[in-house]
Amino acid sequence: MKKYLIVILSMLMMTLSMNNVNALSYKYKKIDYTYHYRGRTFTKYYTKVLVKGKSKRIKKIRAYLKKIDKRDQTKVNKSMSNAEFRQDSYDWWDKSNVRVTKNTKSIFSICRTNDSHFGGVANRDYYGYTFNKKGKKLKLFDVTKGKKACVLVSIKNALLKEGINGSSIRNYISHPNKIQFYVNGHKVYVCISSYEVDQGTRPIKFALKSKY
């Protein structure tokens with residue numbers, strides 16, 4: 001019985017290793033701008049993904065992420081000033097987190113969430129970046145399974161279930177290349193930020209079928 005168990009575990013480890021062949025090596029780096037004032041805290045930080053290696057694929061991904069990080073890191077750092085925070089009576093935050101959601105030979109996908117609260121209503125913004133085996137950034141229809149029209153119908157139905165009105169949905173799906181998404185497992189997750197469509201402050205996320 002013990003021998004059979006060892007064989008099964010060995011086969012499982014071999015399968016996992018094969019699935020991770022040519023997966024990218026990376027690490028996370030957090031840049032912290034947190035500020036304290038009279039017992040209150042303005043939590044403010046930006047997390048980035050640093051990919052390691054010298055292949056053409058990695059260089060392309062690194063160049064794109066570097067450009068995005070330069071823009072968004074500055075945005076977080078200058079979102080609201082410490083002077084403005086001192087005039088309020090509550091804790092504030094502007095937290096930018098990132099995680100790699102799929103990392104294989106074919107796909108490298110990242111999801112970023114920005115959570116902010118400046119004394120009023122808390123907001124969440126979503127961003128997704130997915131790259132293929134050549135380092136090209138992919139669009140929604142590059143990763144979703146099925147015809148484009150069917151994918152749009154799936155998005156429409158998901159938003160209807162969330163109570164979004166028809167005109168807001170038509171406006172949203174009329175710009176498919178601007179839709180934020182990431183790949184995780186065998187699903188494509190469409191992620192919609194607060195205020196992005198007519199849904200008040202509520203962020204939305206739902207899954208579609210993936211080619212990968």
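Q: Which residue in strand 4 does Tyr 45 stand opposite?
A: This is a predicted model, and in it Tyr 45 stands opposite Lys 95 in strand 4.

Q: In which sense do strand 3 and strand 4 pair, parallel or antiparallel?
A: Strand 3, residues 40-52, pairs with strand 4, residues 92-103, in the parallel sense. Five bridges join the two.

Q: In which sense do strand 4 and strand 5 pair?
A: Here the sense is antiparallel, and the pairing of strand 4 with strand 5, residues 108-117, runs over 10 bridges.

Q: What joins strand 4 to strand 5?
A: A hairpin does, passing from strand 4 to strand 5 through four residues.

Q: How do side chains point along a strand?
A: In a regular strand they alternate between the two faces of the sheet.

Q: Does Asn 103 count as buried or exposed, and why?
A: A residue counts as buried when its relative accessible area is under 20%. Asn 103 has 17% relative accessibility, so Asn 103 is buried. This residue lies in strand 4.

Q: Which backbone oxygen lies 2.8 Å from a polar atom of the side chain of Asn 103?
A: The backbone oxygen of Leu 24.

Q: Which residues line the largest cavity?
A: Its lining consists of Val 49, Leu 65, Ile 68, Asp 69, Val 98, Ile 110, Arg 112 and Tyr 129. Helix 2 and strand 5 are the elements that give two or more residues to this lining. The largest share, three residues, comes from helix 2.

Q: What is the volume of the largest pocket?
A: About 170 Å³.

Q: Which residues lie nearest the centre of the largest pocket?
A: The largest pocket is lined by 16 residues, and those nearest its centre are Tyr 64, Gly 128, Lys 137, Asn 177 and Gln 180. Helix 2, residues 56-77, and strand 6, residues 123-131, each supply at least two residues of the lining of this pocket. By type, the lining of the largest pocket holds nine nonpolar, three polar and four charged residues.

Conventions. Residues are numbered from 1 along each chain as its sequence is written. This is a predicted model: local features need pLDDT of at least 70, side-chain atom pairs count only at pLDDT 80 or more; totals for chains, interfaces and linings use all residues. Side-chain values use heavy atoms; hydrogens and water are left out. Two strands pair if DSSP finds at least two bridges between them. Buried means under 20% relative accessible area, exposed over 50%, partly exposed in between (1.4 Å probe, protein chains only). A polar contact is a pair of N or O atoms within 3.5 Å; within protein, one must be able to donate a hydrogen and the other to accept it, and residues adjacent in sequence count only if both atoms are side-chain atoms. On a 1 Å grid over the protein atoms alone, a cavity is a set of points where a 1.4 Å probe fits but cannot get out, and a pocket is an open set with protein on both sides within 12 Å along at least five of seven lines; lining residues have an atom within 4 Å of a point. Grid points are joined across faces, edges and corners, and a volume is the space filled by probe spheres set on the points. Ala, Val, Leu, Ile, Met, Phe, Trp, Tyr, Cys and Pro count as nonpolar, Asp, Glu, Lys and Arg as charged, and the others, Gly among them, as polar.
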